[in-house]
Amino acid sequence: MAASIKAKPRGSAAKSLSKMAAKTTAKATATAQVKSSTSATETTATIETTMGTTTASTTGTPTTTVTTEDASSLGGDHVFRWVYFFFLGYLLMLALWKAYDIRLGAIREYGMVIHEFDPWFNYRATEYLYYNGWERFCTWFDYKSWYPLGRPVGTTIYPGLQLTAVFLKNHIVPSMSLNDICCLMPAWFGAVASFFVGLMAYESAYSAELERKQKSPSFAMECGIAAAGIMAIVPAHLMRSIGGGFDNESLAFTTMTGTYYFWCRSIRDDKSWPIGVLTGIMYFYMVAVWGGYIFVLNMVGCHAGILVLLGRYSTGVYRSYSLFFFVGTFLSIYTLPVVGWAPLKSLEQMGPLLVFLVYQLIEICEIIKRKKGLNQVQAWELRFRVLGWGLLVSVAVGFLLTPSGYFGPLSARVRGLLVKHTRTGNPLVDSVAEHQPANKSQYFQYLDNVCYVAPIGILMCLYDFSNASTFMVLYAIVSYYFSSKMVRLIILLGPCMSAAGGIALGRTFSWSVYQFVDVSSRIIVDDAKKKSTKKKKKGNASATEGQEQKSGGKITSVVSLVKKLVAGSCFYSIYYYSPQFYSTCVKMSTALSHPSIMFKAQTSKGDIVMVDDYREAYWWLKQNTPEDSRILAWWDYGYQLAGIANRTTVADGNTWNHEHIALLARALTHTEKEGHRVSRHLADYILVWGGGGGDDLAKSPHLARIANSVYRDMCPGDPTCRAFGYIDRYGNPSPMMEASMLYKLHSHKLKPGVEADYTKFRHVFDSKYGKVRIFKILNVSKNSRDFVADPKNRICDVEGGWYCRGQYPPGLANVLKQARTFSQLEDFNKKKTEKEDDEYTKKYFENMADPNKARQEAYSRGYGEKGKGGGPKPKKKTVTRTSTDHKNAKWEDSEYTTVLWELISKKDIETLSALLAQDSNLAHVRSSDGRGPMWWAYEYKSEAAVKVLLKHGVSFKEKDKNGKTPLDLIR
């Protein structure tokens, strides 16, 4: 029953009500109720505004008291926060734009030109895929390369780069030419890789904040943007992603960083494991693009194993890794012929497979533990039993499969990363400068100031411990180790150093900003204010407590001032060093933007000219030789010859067949008569690089060494062929070099008394600046040509199949009988029945360690006699050079000063060391301005070159004609 009572003001009651009404004109009360429903509680906030004070009381949540001044301050901070976020967005877009723009230097300077060597094979394969389709591409046996054997491209190529280019052509930018797309792809994907590195840094910082339930501002966004900005321009990434460099690495680092990001994201918490599917798909894309996928696989597998050791294993991590491994491995085996069953057979991939199996055993133990309710002791007993049996089974299986040759050996390059010495035992691998160890100067050359900042970021990752941050630390350690073994792998340091540097800079910058204004998106609860308010409400604070508050306030003010000063210095440091870093990266970008296929040079008159000799020679071959012409040249140039001249080549940069390359090297470095005897069965023309610098004659000692690894009669008892090379600083060749076919063709009518046999070769072409020479081979064997061209002489895997390799013509049978199959040191599946291979390898390492002793031994044996690859036996002379002789030597510009300058300026330390090992007097040559190798080493800041020159007795205190020492060039 409801009662309604109505009352009218009368008498005193009316008066009291009128007084109350009057008071309301001075005092107003406003009540607002905001109801929000959540899954757990319903919160009602009531805000009362009374005499300039706002009190917020919330049911179920803490109460915070804010004054009107604070409210206005919060409003200003809110505006500033939006401005700040827009600023961060602008920085991200700027970083991605710079990542694209900085890579276009070569295209602006030289046009849409494919660079280097390998990119020309990639472009040729892309053209074939575009015009012939995927099915024919998969069954493409290329008989225009590796003549006469051919190459099954469809089963030996990682096709991801070609597929991506064709996809872009067909669906994204159909109006662009295929050549232009291939030229621009490195710049496009360089920006995408920078974005993924930013996400890696963001995930590392953000996951750590979540794990420790941080109430302070989030710095993750700033970390990600800073990391993306560093990755966008750092030379360690630029070195393989310059416009025109259509190489696998230009796309591989996008897929690699994408794989790493999705892996870190999938293990953020136990609910993130479905992202493991994306990790597996991105990893599959990585496998399709680059053979370096083994590094990515082992990185993720190693991290998964370390998470177990750190006690961070969980069902979410188990599911994420299992999805990654299963999806990535299944897709790779099922769709990529070049991979095949390698993930289950290769020793290089056994580690991640074992981690996958161990994860299954651990999860089985966890399931049993949950079902049976086992305590910790019982659970550990179960784990030891299950893992112990698993270990026994694995050992038994390995014991049974190893004798059958099931497991593939470690490759020579991978072995070179693990052995103590810097040589692999394979002269073909050892001849490549990129496979030498990195030194301190090279780290600073490709990373610059990031070398100082990144370690701070790594320490921050150790402090903010999470699954993602442990991955960053592991990645940094592993990539640094491998780069120290092989200079080429500094590229692996680019992403992790950029991410670590971004974490350091991002946290520093955002912390500095926060010292002046709150730009965080989280609610900050000031505990000091809350306590002060409670005390004020109680109203019973003593005088002593008041004094303590005043004292505490003074200390807080001093601390705040110090923080602001530190923040200001951080702002200044970033402002001061960032332009320097950017300037250095731009300079390195310019230096990396010179394609080897063409370059600018200065004539003796001071004119700048474009040297385009190599393409000129390839175009001449295309226009002046029959389409079925075969070209014999060192394997370096095979890709360019096939891609530009469209002619058949004897070998190219794939280097899959060591014995075939050794045959080619034997033809070039043996006597002119023997070289012609081999080449007439393989080619119609011989192309030689000349003109000094890193030409074929400079490389020829490596060629002789490679030939001798298979044809031991080249340099008996001397695996390093020290008898083949220069004997003095004037460029006089050893008898063995002088008699070689390569020397005759290279120096034909350029040096007095040197002329190719006109009955065997005819000189048909010299490029404009003498960088390339072409000779026509006379008396070419028609029988050998016809034998190779006849499909009946090919050996097919199945009758009527597409996989049909060619055979050597019978005319080479006598030469091939002398060949020995080159056994890799790491191929333990091959049984060595002779001690000769072991003795050869031992002698190889001894001679590489002491080249001067090896050279003396070679000459003492009289290598160089006719029939042994050289001319008459050299007369024994003892020449003692003193420092006075070097000082009194004539200063002049010569072919050797040019060679040395180019080697030092390009930091080709391997070739420099080999050249000086043949003749240490070359280290003391001086050009017309009085400067020599030591001046150039200091000028180009090559610490490695300085060490090599000091070893050969070159002083850094000598003076040039202007009185300057090498040290003056760096002051």
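Figure 1. Residues are numbered from 1 along each chain as its sequence is written, and side-chain values use heavy atoms, with hydrogens and water left out. Because the model is predicted, local features need pLDDT of at least 70 and side-chain atom pairs count only at pLDDT 80 or more, whereas totals for chains, interfaces and linings use all residues. Tyr475 is buried, at a relative accessible area of 0%; buried means under 20% relative accessible area, exposed over 50%, and partly exposed in between (1.4 Å probe, protein chains only). Leaving aside neighbours within four places in sequence, the residues in contact with Tyr475 include Met200, Met256, Tyr260 and Phe295, contact meaning heavy atoms within 4.5 Å. The C-alpha atom of Tyr475 is separated by 9.8 Å from that of Cys302, 173 residues apart along the chain.

**Figure 2. The nonpolar cores.** A nonpolar core is a set of buried Ala, Val, Leu, Ile, Met, Phe, Trp, Tyr and Cys residues joined through side-chain atoms within 4.5 Å. The largest such core has 213 residues, and Tyr260, Tyr321, Trp634 and Leu687 have the most contacts inside it. Helix α7 (residues 178-211) contributes the largest share of this core, 14 residues. A second, separate core of 5 residues includes Tyr84, Leu88, Ile225 and Val513. Apart from neighbours within four places in sequence, Trp634 is in contact with Ile661, Leu664, Ala665, Leu668, Asp696, Leu703 and Ile706.

Figure 3. Strand β11 (residues 685-689) is largely enclosed by the rest of the structure, because 5 of its 5 residues are buried. Tyr685, Leu687 and Trp689 point one way from β11, while Ile686 and Val688 point the other way. In a regular strand, side chains alternate between the two faces of the sheet. Strand β9 (residues 630-632) pairs with β11 in the parallel sense over 2 bridges; two strands pair if DSSP finds at least two bridges between them. Within β11, Tyr685 stands opposite Ile631. Strand β13 (residues 772-777) runs antiparallel to β11 and is joined to it by 5 bridges, with Val772 as the bridge partner of Trp689.

Figure 4. Arg630 and Asp684 meet in one of them (3.1 Å, N to O). This pair links distant parts of the chain, with Arg630 in strand β9 and Asp684 in the loop between α28 (672-679) and β11, 54 residues apart. Salt bridges that share partners join Asp628, Arg630, Asp684 and Arg785 into one network. Arg630 is buried at 2% relative accessible area, and Asp684 is buried at 7%. Arg785 is partly exposed at 22%, as is Asp628 at 48%.

Figure 5. Most residues other than glycine have a negative phi, and most peptide bonds are trans. Glu116, which is not a glycine, has a positive phi of about 55° and lies in the loop between α3 (105-110) and α4 (118-138). A cis peptide bond, with omega about 5°, joins Tyr147 and Pro148. Pro148 is found in the loop between β5 (141-142) and β6 (151-152). Asp448 has a positive phi near 55°, in the loop between α19 (440-447) and α20 (450-463).

How values were computed. Helix = DSSP H or I, 4+ residues; strand = E, 2+ residues; numbered from the N terminus. Salt bridge = Lys/Arg side-chain N within 4 Å of Asp/Glu carboxyl O.
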